[in-house]
Amino acid sequence: MFDQINGLPVHALVLHAAVIFVPLLALGAVVYALVPRWRPKLGWALVLLAIAAPASAFVAKASGTQLYNRLLDQGMSGPGKEILDDHMGFGTLTAWFALALGVVSLVMVALTWRRGGGRLPMIGEVGAAVVLIVLAALSGYYVFKTGDSGATAVWGSY
């Protein structure tokens, strides 16, 4: 299912969704956390991104695992395998941080939706904002690291 479509690795086709949706989720979560007056207009988009970003990250991870296994079966070893091992580790962290960010974003929207997109009590506002910002930063960092190591694996010289 996640291996090939018309001879192309599924990974090459689906990874771009994660590259777009995870940073958009990170940006949307930070704005939602820090700009309460935008919440009524931003909530629906954050909900969609909170679902799409982790889903796309996990599909990219699953398809990448299929590609990796096929490359191992074809005899890949040495520095290329080491780069791909790092890439897979970064991809796994991206998927998990995107999932955590998605869940926390959904909780934040659910808690503020009842208030008409309004504010939480101050301790809740600050706590949620800190968690969202940290998860957004980690998600963004690991999307970058995953993409950089993937590009090195494909286009680098080793």
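Predicted model: local features only at pLDDT ≥ 70, side-chain atom pairs only at ≥ 80, totals over all residues.
**Entry 1: contacts along the chain**

Among contacts in the protein chain between residues at least 6 apart in sequence, what share joins residues at least 24 apart? I looked it up, and the figure is 78%, with a contact meaning heavy atoms within 4.5 Å.

I number residues from 1 along each chain as its sequence is written, and side-chain values use heavy atoms, with hydrogens and water left out.

**Entry 2: the overall layout**

I went through the elements and found two strands and four helices, in the order β-β-α-α-α-α. These are DSSP runs numbered from the N terminus (helices are H or I, at least four residues; strands are E, at least two). The C-alpha atoms fill a box of roughly 55 × 30 × 20 Å along the principal axes.

**Entry 3: surface and charge**

I checked burial next: 38% of the 158 residues are buried. Buried means under 20% relative accessible area, exposed means over 50%, and partly exposed is in between (1.4 Å probe, protein chains only). The accessible surface is about 8700 Å², and carbon and sulfur atoms hold 71% of that; the areas come from the Shrake-Rupley method with a 1.4 Å probe, and for residues only the protein chains shown count as cover.

For charges, I got 10 positive and 7 negative side chains, with the centres of the two sets 22 Å apart. Lys and Arg are the positive ones, Asp and Glu the negative ones, and His and the chain ends are not counted. Each charge is placed at NZ of Lys, CZ of Arg, CG of Asp or CD of Glu.

**Entry 4: two residues in helix α4**

Glu125 sits in helix α4, residues 122–155. Its relative accessibility is 6%, so Glu125 counts as buried. I found its side chain in a polar contact of 2.8 Å with the side chain of Arg39. That term means a pair of N or O atoms within 3.5 Å; within protein, one must be able to donate a hydrogen and the other to accept it, and residues adjacent in sequence count only if both atoms are side-chain atoms.

Ser149 is in helix α4 too, and is buried because its relative accessible area is 9%. Its side chain makes a polar contact of 3.1 Å with that of His87. Leaving aside residues up to four places away in sequence, Ser149 touches Ile83, His87 and Phe90.

**Entry 5: a loop residue**

Is Asn6 buried or exposed? Asn6 is exposed, since its relative accessible area is 81%. I placed Asn6 in the loop between β1 (4–5) and β2 (8–9). Its phi is near 50°, a positive value in a residue other than glycine. Most residues other than glycine have a negative phi.
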